Amino acid sequence: MWKHIAANGISFLIIALIAAAAALGWGQRQWNAEGPLETAAFFEVEQGDTLARVSERLEEVGAIRSATVFRVGVRAVDRAGDLRFGNYEIPAGATMEEVLDIVTAGGPSSFRYRATYVLRNSGTGELRLSERLPGSGEVEEIVRFAYEDGVPPEYTALVEAQTPMLYRLVIPEGLTSWQVVQGLLAADFLDGEVVDVPAEGTLAPATIEASRGDDRVELLAEMQAAQERILAEAWENRAADLPVSTPEEALILASIIEKETSVPEERGRVASVFTNRLNQGMRLQTDPTVIYGVTNGRGVLGRGLRQSELRAETPWNTYVIDGLPPTPIANPGQAAIEAALNPDSTDFIFFVADGTGGHAFAVTLEEHNRNVARWREIEAERATDN
């Protein structure tokens, strides 16, 4: 009888080994087989996700055929602890091994949706919602809107569904601190109140990647720290014989340069005009400083300056005061700061708009008056065309 039992036990063991080998072979084929995704898809590994949760969601979205096989395979290669939270693009037909490589790679996330929020000088901003098409890398804009005009349903639906989204804040050069704060307060994806507006000129314009729920005060602190670094480095590498004696004065001059031209290649020449004027004891006589004295950096003037405003005695009216105004008139970018501290070497002391978006520069008043006359002709022609 014992021989019979032993024989049966051996038979069962052989069958079990054969079944295990077959299961192992089937699992290995599943692991290496082309995946079920017909088109590329985006997938999020959330912070704190377990292997079990990730494998189940991968099966739910159709990226793998079996969560169980995926878990067994991951453990077999001893990579259960390698998951990295983030957003990933999984290509069509990816094998389980390839999916594992993707969700353990880390690095920059691949978001399907991107919301780019561009601050404006009105103190609000424009949000541009775009979608990156899976598999192609092409980006299509879905909608763009200003918050004061209402939030479109395309954006609202994604937010309510808690769809992973990359947010980008674009803070252009030349905005005042008040305008920056108002723009951040208007953004629905940021949190936190701002009690104090940062000092004028202390915020570095930049494009910043953000996440929903980021704190506004922390973002402002990051911009302030960045501006401090930029100014310190530029001051360390400044040219000799400048008419500014402190980094704070350099920041004031840079803000004026920033507001006077948006043409990159002109910044050094504009800086040279103001440097030459200061060195010669001439008044700066620049309209943006007068405008700041009228608006206090809040919003946009929205009209031309009046003669009474050009004559008004405000601390920022450089037609009235000598030298620099007491504070910056905007937040200058790095290029404007560097131009203020390393201006072009020229004899220019005048400039006026030339009708192309740039300026015509002059050494003598006679030459400047000709440039002004030409600009008046251009203005008259445009008025007639309109």
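**Strands, cores and a cavity**

The residues that line the largest cavity divide into 6 nonpolar, 3 polar and 2 charged; here Ala, Val, Leu, Ile, Met, Phe, Trp, Tyr, Cys and Pro count as nonpolar, Asp, Glu, Lys and Arg as charged, and the others, Gly among them, as polar. This is a predicted model, in which local features need pLDDT of at least 70 and side-chain atom pairs count only at pLDDT 80 or more, while totals for chains, interfaces and linings use all residues. Residues are numbered from 1 along each chain as its sequence is written, and side-chain values use heavy atoms, with hydrogens and water left out.

The lining consists of Q30, A33, E34, G35, P36, A63, I64, R65, A94, T95 and M96. A cavity is a set of points on a 1 Å grid over the protein atoms alone where a 1.4 Å probe fits but cannot get out, and lining residues have an atom within 4 Å of a point.

Turn next to the strands. Strand 4 (residues 125-132) has 6 of its 8 residues buried, meaning under 20% relative accessible area with a 1.4 Å probe, protein chains only. Strands are DSSP runs of E of at least two residues, and helices are runs of H or I of at least four, numbered from the N terminus. Strand 4 pairs antiparallel with strand 3 (residues 113-119) over 7 bridges, where pairing requires at least two DSSP bridges. These two strands form a hairpin with 5 residues between them, and G123 in the turn has a positive phi of about 95°. Strand 4 is also joined by 7 bridges to strand 5 (residues 139-146), again antiparallel. S130 of strand 4 stands opposite R114 and opposite E141 in strand 5.

The largest nonpolar core has 31 residues, and V244, L253 and F274 are among those with the most contacts inside it. Such a core is a set of buried Ala, Val, Leu, Ile, Met, Phe, Trp, Tyr and Cys residues joined through side-chain atoms within 4.5 Å. Helices 7 (216-236), 8 (247-260), 9 (267-279) and 12 (334-341) each give two or more residues to this core, with helix 8 giving the most, 7 residues.

V352 lies in strand 10 (residues 350-353) and counts as buried because its relative accessibility is 13%.

Technical notes. 1 Å grid on protein atoms, 1.4 Å probe; cavity = no way out; pocket = protein on both sides within 12 Å on 5 of 7 lines; lining within 4 Å. Buried < 20%, exposed > 50% of the residue type's maximum accessible area, 1.4 Å probe, protein only.
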